[in-house]
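Dear colleague,

Please find below the sequence and the structure that I am handing over to you.

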Amino acid sequence: MKKVGLIYHEDYLKHDTGVGHPERKERLVAIVEHLKKSNFSEKIEWISPKLRNDVEKWILKVHQSSHLEFVRTSILKGIRLLDFGDTYVSKDSFDVALLAVSGVLEGVDKIFKGELDKIFCAVRPPGHHAESRRVMGFCLFNNVAVAGRYAQETYGVEKVAIIDWDVHHGNGTQEIFYEDPSVLYISLHQYPFYPGTGSR
């Protein structure tokens with residue numbers, strides 16, 4: 001029986017959203033520390049991903065180039081809030097976001113190369129609210145959307161199913177693939193919680 005892979009990198013903690021922010025590094029620290037202390041730890045293959053040279057190419061498969069440049073230049077300028085809501089960033093957030101996408105892509109590789117049967121990607125910043133042209137709801141790049149397109153174009157997967165189980169509707173993933181018949185997107189969420197979409 002193969003181990004379960006867990007994608008994690010300590011640099012994910014460098015994405016600083018500020019004290020008391022709902023999406024903060026302590027959430028990820030708690031998950032990792034619990035897993036390391038649990039009896040389940042010996043069944044986990046811990047994978048520390050590397051930043052891919054081609055990661056921006058894959059981001060651009062689901063995001064507009066203007067979106068990528070907005071995130072990059074805003075962070076370089078020291079802007080802390082990237083939207084009119086609560087998507088806060090820090091000086092390291094762009095590099096960390098690239099590493100998060102890289103980690104998810106490595107997870108896809110591990111599955112399709114037969115190295116592991118299951119992967120959990122403990123990455124941040126998260127992604128399912130990020131639309132093709134805008135950040136939203138703590139999310140800079142839509143990690144799972146990039147992974148889906150990567151699986152299709154790298155491994156010849158004709159159809160992808162993304163099942164999003166979260167309190168909040170994954171509006172970004174839906175927007176990216178709404179008119180794409182090769183991707184089935186299912187969001188299990190509580191309406192009308194943030195972002196107020198997903199009623200049908």
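I begin with helix H4, which covers residues 93–112 and has 20 residues. From its first C-alpha to its last, H4 reaches 29 Å, close to the 28 Å expected at 1.5 Å a residue; the expected span is 1.5 Å times one less than the number of residues. Helices and strands here are DSSP runs numbered from the N terminus, with at least four residues (H or I) for a helix and at least two (E) for a strand.

Please keep in mind that this is a predicted model, in which local features need pLDDT of at least 70, side-chain atom pairs count only at pLDDT 80 or more, and totals for chains, interfaces and linings use all residues. Residues are numbered from 1 along each chain as its sequence is written, and side-chain values use heavy atoms, with hydrogens and water left out.

H4 is mostly covered, as 16 of its 20 residues are buried. Buried means under 20% relative accessible area, exposed means over 50%, and partly exposed lies in between (1.4 Å probe, protein chains only). Just after H4, Gly 114 takes a positive phi of about 75°.

The sheet comes next. Three strands form an open sheet in the order E2-E1-E3, and their pairing is parallel. Its edge strands are E2 (44–47) and E3 (118–121), each of which pairs on one side only. From one strand to the next, the twist averages 25°. Two strands count as paired if DSSP finds at least two bridges between them; four bridges join E1 (residues 4–7) to E2. Within this pairing, Val 4 stands opposite Ile 44 in E2.

How does H4 lie relative to the strands? H4 lies across E1, E2 and E3, and runs at about 175° to E3. Contact means heavy atoms within 4.5 Å. Axes are lines fitted to C-alpha atoms, for helices over the stretch in contact, and angles run from 0 to 180 degrees between N-to-C directions.

I turn now to the cysteines. A disulfide is counted when a pair of cysteine sulfur atoms lies within 2.5 Å, and the count comes to zero. Cys 121 is partly exposed, with a relative accessible area of 28%, whereas Cys 139 counts as buried at 1%.

Finally, there are the salt bridges, defined as a side-chain nitrogen of Lys or Arg within 4 Å of a carboxyl oxygen of Asp or Glu. The count comes to 12. In one of them, the side chains of Glu 23 and Arg 124 meet at 2.9 Å, N to O. This pair links distant parts of the chain, 101 residues apart: Glu 23 is in the loop between E1 and helix H1 (25–37), and Arg 124 is in the loop between E3 and helix H5 (143–155). Glu 23 counts as buried at 5% relative accessibility, and Arg 124 counts as buried at 2%.

Another salt bridge joins the side chains of Glu 56 and Arg 72 (2.8 Å, N to O). Glu 56 lies in helix H2 (residues 55–59) and Arg 72 in helix H3 (residues 65–76), so the pair ties together parts that are 16 residues apart in sequence.

With kind regards
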